[in-house]
Amino acid sequence: MIESIIPLTEFITYVLFSFLTGHVALQFVPKSKKPVTKIPKPVLLLAALGIIVFSLPPALQVVFYFGDGFGVETLSLFTQFEVGISWIFIGFMATLLWMTIYVEGSKYIQAFLILLMILAVGYASHGASLAFWPGFISHSVHFFAVTLWTGILLHVGWIAKEVKVWGAFLKWFTPLAIGCLLLLTASGLTVMSLMVDFRDYANSWALTYGQMLLLKHISIIPILAFAIINGILAKKIKENEDFEPQQWIQAETIFLMFAFFFTGIMGTLQPPHQVNFTIQSDGAASWVVSLIGKEITAPFQIQFSPSLQGILVGIMAIFFFALLFVSFYKKTKASIALLFGICFMIAFYLGIMLNITV
């Protein structure tokens, strides 16, 4: 039962972290350089409590796996595993954050508590369990960068009533977003190197973990496209033109939610350190076998093998990606660009899967 809800609880935890990180970060920005976002205090308090609740299932999964039922001995296992220690620490820090928000305390204290909670997430990560310092640092940096970027976009895109200071906002947010992107790339490559041998990256696509990793990487492409539109191309749009920046920011955050969802599923799966061994023990993902049209048994090697169907679908992906930018220049609704982005993801994924063989 717990295993089935963990991807959802992981996803909600990422969103809540981003929401609170964005709220705290925007407190450090002058009012003249950010849109007005008024969030009721109860919402912020519920977000802090929500992190405690929704970060619990992954810890319970480990504890119940090694424990026997729900008893004192089982509860004592919380202090024996990193994920349990991490949840206890996050719960304590989130409680302090709740108290600080309730009394409208210092933004510096709020930022410090959020940072400690992010470090606790890195402490319990898969990467830290494999190589503590590289995994702990890289995962913490990765999580911090993505929650900071996403959190600010959530507030500006979905909570702000209107963006009157678009130019002033972009002047500081664009360099920040580029910095977050660079941190995400460097830390993401480090985390990935701990999970999957780069030489086995294509082979990992035979597994559910590898498929989620591939889909996460594909989702990054439209994220970058919308980031370019919102952070660079939108600067050239005059204020008196019919341009609604919030809709385009909302579209960008939706693709970030896709990345969160795929990451949440990956958090429930065992990283394929040895792909052939994992295939022998767990088998290949059923839909991969259907797409490739062959049974996958170890040892195996996934190779690029162009097919007519795969090439045509790949061309469609390029077409949809181009239409994403065309929709911006033609000043269509952001929802149309969002649809093109989703179509690109589907076509690009199918294009890859139809152009490989075992």
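Colleague: Say rings of Phe, Tyr and Trp (its six-membered ring) pair if their centres lie within 6.5 Å, with planes under 30 degrees apart stacked, over 60 edge-to-face and the rest tilted. Which residues do ring pairs link into a cluster?

Modeller: Phe226, Trp248, Phe255, Phe258, Phe328 and Tyr329. Bear in mind that this is a predicted model: local features need pLDDT of at least 70, side-chain atom pairs count only at pLDDT 80 or more, and totals for chains, interfaces and linings use all residues. Residues are numbered from 1 along each chain as its sequence is written, and side-chain values use heavy atoms, with hydrogens and water left out.

Colleague: How many aromatic pairs does a search of the whole structure find?

Modeller: The search finds 24. One of them joins phenylalanine 226 and tryptophan 248, a tilted pair at 6.0 Å centre to centre and 45° between the planes. Phenylalanine 226 is in helix α10 (residues 208–231) and tryptophan 248 in helix α11, so the pair ties together parts 22 residues apart in sequence. Helices here are DSSP runs of H or I, at least four residues, numbered from the N terminus.

Colleague: Are those two buried or exposed?

Modeller: Both phenylalanine 226 and tryptophan 248 are buried. Buried is under 20% relative accessible area, exposed over 50%, partly exposed in between (1.4 Å probe, protein chains only).

Colleague: And α11 as a whole, what span should it have?

Modeller: Its 22 residues (245–266) should span 32 Å at 1.5 Å a residue, and the end C-alpha atoms are 32 Å apart, which agrees. The expected span is 1.5 Å times one less than the number of residues. Of the 22 residues in α11, 17 are buried.

Colleague: Switching to α6. What caps its N-terminal end?

Modeller: Serine 106 does, with a side-chain oxygen 3.1 Å from the backbone nitrogen of tyrosine 108. A polar contact is a pair of N or O atoms within 3.5 Å; within protein, one must be able to donate a hydrogen and the other to accept it, and residues adjacent in sequence count only if both atoms are side-chain atoms. The buried residues of α6 include Leu113, Met117, Ala120 and Val121.

Colleague: What is serine 86 in contact with, neighbours within four places aside?

Modeller: Ala120, Val121, Tyr123 and Ala124, where contact is heavy atoms within 4.5 Å. Serine 86 is in helix α5 (residues 82–102) and, at 5% relative accessibility, counts as buried.

Colleague: How many salt bridges in the whole structure?

Modeller: Two, a salt bridge being a side-chain nitrogen of Lys or Arg within 4 Å of a carboxyl oxygen of Asp or Glu. Glutamate 104 meets lysine 41 at 3.4 Å, N to O. That pair links the loop between α5 and α6 to helix α2 (residues 41–54), 63 residues apart. Arginine 199 meets aspartate 197 at 2.9 Å, N to O.

Colleague: Which ring does the charged end of lysine 41 sit over?

Modeller: That of tyrosine 102, 5.5 Å from its centre. The rule is NZ of Lys or CZ of Arg within 6 Å of the ring centre and within 35 degrees of the ring normal. The charged end of lysine 107 likewise sits over the ring of phenylalanine 28, 4.9 Å from its centre.

How values were computed. Helix = DSSP H or I, 4+ residues; strand = E, 2+ residues; numbered from the N terminus.
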